[in-house]
Amino acid sequence: MDQLLILFIAIPMLAFFATLLWQNKSERAIGKIVRFAKVSNILVALSFFVWWMVKSTEPVSYKLATLYETDHFVFAIQLYYDEVTAVFSIVGSLLFFLVATFSKYYMHRDEGYKRFFNTILLFATAYNVIILAGNFETLFIGWEIKGICSFILIAFYRSRYLPIKNAFKAVSYYRISDVALMLAMWMMHHLTHQNITFPQLGEAKEIATATGQSGMAVFIVCMLILPAAIKSAQFPFTTWLPRAMEGPTASSAIFYGSLSVHIGVFLLLRTHPFWEDMLGVKITIIVIGALTAIIATLIARVQPTVKTQIAYSSAAQIGLMFIEVALGFHWLVLLHFAGNAFLRTYQLLVSPSVLNYLVHHQYFHYTPPKQQSVSKIKASLYILGIKEWNLDSMMFTYLWNPFKWLGKQLSFLRSNILIGILAVAGIALLIIGYTNQNIIPSSGDALPLVLMSIALAVILFAFSFRQAALKAWIYLLTAHSFIIAAVLFNASHVNLIEIIFYISGVVLAFLLGYYCLHKIKAIDNDISLNRFHGYVYEQETTGFLFLLAAMGMLGFPLTAAFVGIDVLFTYIQSDQVTLIILMALCFIFIELSAFRILLRIFFGPHKKNYHPIAYRSS
Amino acid sequence: MDTASTSVAGTTHHKKSVTGNPDGHFDEQHILHELKHFLPSQQALKDFIHHNSLHAFQHMKFYDAIFKASKIFGFQVHLQLPEYREMYKTGRIREDVLQMVITGKKGKDAVAEWKGKLISKEYDSINFPRIGQLRANWKEVYQLDLDNKVHPLLFRILCGFLDQGIAIESFPVVNKSFIDSVKEMEQNSFVSFFKTKTVRQKFLSGDYTITKLLKVIVGKEEYFEQYLFDQQFAHHGWSGFVSAVEDNPQTLLDRKQITLKELLEFELLMELDALNHALGNKWKSLAYHVNVPPVNLFADVAKTELAEVIELWQDAFEWSYYDSVLKGISMSDERRMAVNTRGLINSSLKADSGPSFQAIFCIDEREDSIRRHIEAVDRNAETFGAPGFFGVEFYFQQEGGKFYDKLCPAPVTPKYLIKEHDAKSIRKDELIYTKLTHGILSGFLLSISFGFWAFVKKIQLLFRPKMSPAISNAYGHMDKLSALTIENKNPADTENGLQIGYTLDEMVIRGEGFLRGIGLIKNFAPIVYFVAHGSSSANNPHHGAHDCGACSGRPGATNARVQSFILNHKKVREVLATKGIVIPDTTQFIGSMHDTAADVWGYYDEDILSLENAQKHLINKQNFEMALNLNAKERSRRFASINTRQELEQVRKAIHNRSVSLFEPRPELGHGTNTLAIIGRRQTTKGLFLDRRAFLNSYDYTTDPDGAILTVVMRPIGLVCGGINLEYYFSRVDNIKMGAGTKLPHNVMGLFGVANSSDGDLRPGLPWQMIEVHDPVRLMVIVEHKPGIVLKAIQSSPEVFEWYNNEWVHIVALHPEEKQFYYFRNGVFAKYEPITDASEIKTIHNMEEFIEGAKEMETNHIVHATEENLPVYLLD
């Protein structure tokens, strides 16, 4: 019976692929597929739950497949089912059912009807992968796919400026969470010398205590709290959440009202056995949760728009859930999650009706306000609330701007000759690095650090580059070659197949992306990155292909590079702090640079005004 | 305490050209006036009043105006060239009409040449608008995105200040102007809205004016006006709304004091703040960097060949429909004449019995179909059309309500108040909107308890949609069993300067004026129904746009009751009789309302009916139910989720469910497809299937030989019908800039508007879901009277004449004696002979089959969408 767990993932995934085959106007056909998926999703969730209850309520583990295995690394797809999974899967399938049914009518004749259902089916798949994951690798697959779905739905109205801006904002936070999770996996691997599964987390904790590696353990937990806090819009990352409400109301409801935003709570619940004894960690989580609950509530109180109000109240409740997890009240968390998810979904779905309802209410119950003196506290809290406690601008000032500034300082890289030399050097080093594997002394050497720094410099430059898109794209490939070279020079022995996995994926993605940009360049000579071009209006397919290319470029679970990227990390030793930080930054900014190219060339207001084009502020 | 609007933008007159002051001197008052004139004038969404989106250009000829507006603001003002061409290929634009249009405008010899241009010549249609170009220099020179720095916070402050009740903690300072309120907050707070101390100090000291700030930011005086236009049109929704609130503070129930001037001052301060913050003192005023002065926004726009091509296409598109309508009218008239001659003997027998009942509807084009079905179900019934406030203008106060609602056309300011009392039902609250869910602790308790109830509610709303307080209910506006204070016996009886009810004389004037207007002065049936209309819909911030336009965007049931009361009044009838209008004692007037979304018909004051009439009413009601079923079926052909071939009752139920379904963004299609306004006797249109595209105003030229009544009848036609038509036109051709875009991502702002996302500009205009079926063609007014009389009527005032003379609305006079059409162009009515062949106008023999067989659009692209709009048919 355990293998039935596959159905949780297979059904929405099959439906996803099936809907890809239809055209936008084939609403009936798409509707049938979605109906099949939403109903069977519930049936599977409920029947498995009943079977599991009857059998014994012991957690179920199931190994689906091993994608890759060597003496030091195993990449397996592992599934796991316990009471946490049970609640998340039942609530998830019910909400998916409701929102899909709602959307069938709501989305009727929208130009993105098909795109919408494709995305929410993919999201349902990713959600089930996450909640059923039995190890970090599997969870990570779901985590990344979910991030992309979020991005696509925030940028759903892709020809307007604000959705694009806010999708990019969300995706930049998401990327930090992805990389943090990668680092957690990396360190866990060094701690336990194996790819551990979630049921083994307790053992991992014991290893940490036994070997006195509490520093490693703390690092791992930090790298788990960070993605949890980001995805659940906790302090200080809360401001992406209200801004993510750009897509159709129904998608905001399921993503930011309910399922997506609670996934951080899930991650904490799932990894709880690992950190349950660490007092400092628990205090940290409580502090984050409490700060979020208080600040988000203060902001919610002054919000004059209905969706942002709901977003902040939801984040505040999730803050309380963080506290509950840390205190170990798990059943309360599950109850709280279910209730909050149902409530916020409903509030968002009916949010347009608030105008009629409250105006009527005002009509009968209005009392003219009386002027009272405004206390300093009240005025300050109001202003802070309206300014969202400066959280958004703080993130800009302290998180993103330094890197932008750094990128701008590197403007000497603009020279064609220099970048040519770099590209050749990178590839040459890569080859030398591989062929001389056994000669080069490894670890502790400065060379990997230099190479990785060059990679980061090139990426940061591409990230702030304002000119030709094709050039920026080539920089990213150059950067990749330096990353690999750095890894090669760092490790004493590297498996050829792993490097091939990685390179094959990146090169494929690069070529695809190059083709797309070249095609646009043939139409329009000026495709510089200093403005939005909006070519998706004329070149929808090319835009889609470039999205795939951008995802492939950063090791999205699309090509073999995905496995490669995970393995690549294991060649960095746990004490190589600088190197791992550089590498993590590389992987954050490669994605951001690639997505920036995608957004600037294909998304945003179309530059050619021969059809209705949105004002920037709309 | 007045909740409705007092002015409407469409009437503003503004002939002065806006080319800045020639002496280069900057004048604040002047620029404020100019900005107000061009900004969108939409008020709070609860009062949705349709108007011409380009009202600021109405003093120009239609085509000149739209091309100029397009060049200045970047609007798309017509369909795209490939779309016209595609419609020509599918036959939607007719070849013979195209030929006729080209001949008319370019001469017979040029037909081949222009046809070539229209059909196949390549044009570069990319528009480079003038707006925003000056201000774009910030980005060019300093890589500084000023909008990004200023807009989000500015919008949030504005929304917080104007908020009507979404925020739990409302703006702390009340009863003060915008600037004073913000100032008080700044003085009282540890934190500031501003980033730099210097600007904060400047703000607090009050030592600034628009001119002074512009000197610092822009520098050169000659650029000031253009800069402000650029700045305000970067968020025309918010600016337009601030300007609308300034002019009509009553559009917000919780009134706010704000002026456009304050917005300009505050925004300039915020810009200065952003510039100082981002660039320190390393920046110079904008003019310093501008080497080539930008083109003046309002400089003349040269007419291009492309514009001429578009003009011909648009005319051809319009006349492809109009021409067949005119042909249909004459064919139906000929047929009626033939039948009359043949059936003279039969009909003389029937004439004694008179009509079985009479029903007076609003002129609204959505009532075209229900009238047709009623006449089909009961062949002796007679229907009329009149503006839906039924000639009685007043404010209405619902029992327990703290405000007055204006129930008459927006430009009218009534002196009367009608109050409701003895209401039987109480409005219920809906728990889901409780603000307690946003607290920390209460939110926690509610989510672990009420959260699960919310789940049950969601199942219910999906599978058993039903009316609830969350839904905008057309009948919730007035209690069915309540009483109204209509008659005033003591003129001293007033409230807030309004007289409560009408005196006898005032009632007589209104009763008589109304009856004469529609030509109903004899042959009264035993029961005359006033049928107002309203619309129920769920989850729809734009619900006001579906209600009665003649009642300031509200359901008109009260007006139906008031006019019924007046005409039932014994003393009123006595006076009317002395004036030649004799209403028999057996005749009774009854108020009622048709819910155009739900297809429900509710009646008021049924208990006053005499025994005999009560029985007749029972029979009539059954007929109305049948007509509603048929009406629902006819409407259902446009709703993909309803199977039109089902049993009538099932279709009707499905239609009803739409109006209470929270997941349904198209409860009804509003005024979509409106194209015609026909002012004449019912017999001119009775034999025609007009597909709910015609405003129908009853008017009997035989009772008005000199056109005195016609002048009154024609007064609101341009403003109301033309306003609706042009708002649909522009929202259709540019749904993104002039419309509100798709409804699906809308976020309700402060209870007065919608925006996309949290930081977006307000979105005036109509949402995509309302205009999807609309053919963007101008209104064609057809008046049944002699051309000379019609001309006199439309020339009665310059505001009325402008609509026709500047071609924003077409007008045709149907000469009742000659049976000839006269089309008005360049100041004269000239004979027009329809070119449509009689064989092209088909006849409908079986309405139900016909509806079932009608084509459905494949996608909502205009080329497909327009195929759903049916041509003119004769009725069997």
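I started with contacts in chain A, counting two residues as in contact if their C-beta atoms, placed from the backbone, lie within 7 Å. Among pairs at least 6 apart in sequence, 79% join residues at least 24 apart.

Housekeeping: this is a predicted model, where local features need pLDDT of at least 70, side-chain atom pairs count only at pLDDT 80 or more, and totals for chains, interfaces and linings use all residues. Residues are numbered from 1 along each chain as its sequence is written, with chains lettered from A and ligands numbered from 1 in the order in which they are written.

**Confidence.** I looked up pLDDT, the predictor's confidence in each residue, from 0 to 100. Chain A has a mean of 91, and 99% of its residues reach 70 or more.

**Overall build.** I got 24 helices and 2 strands for chain A; these are DSSP runs numbered from the N terminus (helices H or I, at least four residues; strands E, at least two). The C-alpha trace spans about 85 × 65 × 60 Å along its principal axes.

E1 (residues 60-69) and E2 (residues 74-81) of chain A run antiparallel, joined by 8 bridges; strands pair if DSSP finds at least two bridges between them. A hairpin links E1(A) to E2(A) through 4 residues. I found Thr66(A) opposite Ala76(A) in E2(A).

**Inside.** I counted a residue as buried if 20 or more other C-beta atoms lie within 10 Å of its own (C-beta atoms placed from the backbone). That covers 60% of the 618 residues of chain A. Leaving aside neighbours within four places in sequence, I listed the contacts of Ile459(A): Leu476(A), Ala479(A), Cys586(A), Phe589(A), Ile590(A) and Ser593(A).

**Against chain B.** Which residues meet here, and how many? I find 84 residues of chain A in contact with 104 residues of chain B. H14(A) supplies the largest share of the chain A side, 10 residues. By class, that side has 45 nonpolar, 26 polar and 13 charged residues. Nonpolar here is Ala, Val, Leu, Ile, Met, Phe, Trp, Tyr, Cys and Pro; charged is Asp, Glu, Lys and Arg; the others, Gly among them, are polar.

Notes
Buried ≥ 20, exposed ≤ 12 C-beta atoms within 10 Å, placed from the backbone.
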